[in-house]
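Trainee: I would like to go through this model and check each label against its definition.
Mentor: Then put the labels to me one at a time.

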Amino acid sequence: MRWAAFVPAVLLVASCDQPDVHILTGQLYDPTAACVGPSSGVDVIQGPSTGDNCNPSCLSIASGDASYVYVTTICPPFPGDYTVEAEDAAAGAGDPCTGAFAAYAEYLDSGVTCPVVADDGGEEGGDAGMVGDAGADVGTDAAGDAPATD
């Protein structure tokens, strides 16, 4: 009976085009609402997983006229597209990472994430998180990975 579960898993892994990649996850910071969204995929990274139990890091990246700030506990190294700051390196009120780390600390205390924003600008739910794909995949690190466009 064990083979019945094992064989499909082997076939799934064997069918992957790029088995040596992993997902960079993080929580998008909303500076207007001073909160972070739920953990979500941010980028696809070449190489094996480095773990997800490191001290929080602030990742910033620009895409066109917009910039995105994420807090992640994924362990380095991070793709070169991102500006990376540790919590003790956040430099004052003008640094978006200062607000991101404060919002992340509030999330750890309360468990509440930013409200969901519907495509029409209205709220869809209480603390389920932010919606939108503009910042979800702005890096281009994995082969075939392209920035998200709307």
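Trainee: In what order do the elements of the chain run from the N terminus on?
Mentor: The order is α-β-β-β-β-β-α-β-β, which gives 2 helices and 7 strands. Helices (H or I, at least four residues) and strands (E, at least two) are DSSP runs, numbered from the N terminus. This is a predicted model, in which local features need pLDDT of at least 70, side-chain atom pairs count only at pLDDT 80 or more, and totals for chains, interfaces and linings use all residues. Residues are numbered from 1 along each chain as its sequence is written, and side-chain values use heavy atoms, with hydrogens and water left out.

Trainee: What makes C35 and C114 a disulfide?
Mentor: A disulfide is a pair of cysteine sulfur atoms within 2.5 Å. For C35 and C114 the S to S distance is 1.9 Å, so the pair meets the definition. The structure holds 3 disulfides.

Trainee: Which parts of the chain does the link of C35 and C114 tie together?
Mentor: C35 lies in strand β2 (residues 35-46), while C114 is in the loop between α2 and β6 (116-117); the parts tied together are therefore 79 residues apart in sequence. With 120° about the S-S bond, this link of C35 and C114 is right-handed.

Trainee: Why is C114 called buried?
Mentor: Buried means under 20% relative accessible area, exposed over 50%, and partly exposed in between (1.4 Å probe, protein chains only). C114 has 1% relative accessibility, so C114 counts as buried. C35, with a relative accessible area of 11%, is buried too. Over the chain, buried residues make up 31% of the 150 residues.

Trainee: How do you know that C54 and C75 are joined, and where do they lie?
Mentor: Their S to S distance is 2.0 Å, which is within the cut-off for a disulfide. The link of C54 and C75 is right-handed, with 100° about the S-S bond.

Trainee: What are the accessibility classes of C54 and C75?
Mentor: C54 has a relative accessible area of 28% and is partly exposed, whereas C75, at 6%, counts as buried.

Trainee: Why is the disulfide of C58 and C97 called left-handed?
Mentor: The torsion about its S-S bond is about -80°, so the disulfide of C58 and C97 is left-handed. This pair links distant parts of the chain, with C58 in strand β3 and C97 in helix α2, 39 residues apart. Both C58 and C97 are buried.

Trainee: What pattern do the disulfides of the chain follow?
Mentor: With bonded cysteines counted along the chain, the pattern is 1-6, 2-4, 3-5.

Trainee: How many aromatic pairs does a search of the whole structure find?
Mentor: The search finds 1 aromatic pair. Y104 and Y107 form it, at 6.1 Å centre to centre and 35° between the planes.

Trainee: Why is the pair of Y104 and Y107 called tilted?
Mentor: Rings of Phe, Tyr and Trp (its six-membered ring) pair if their centres lie within 6.5 Å; planes under 30 degrees apart count as stacked, over 60 as edge-to-face and the rest as tilted. The planes of Y104 and Y107 are at 35°, so the pair falls in the tilted class. Y104 and Y107 are 3 residues apart in helix α2 (residues 96-110), which means that about one helical turn separates them. Y104 is buried at 11% relative accessible area, and Y107 is partly exposed at 25%.
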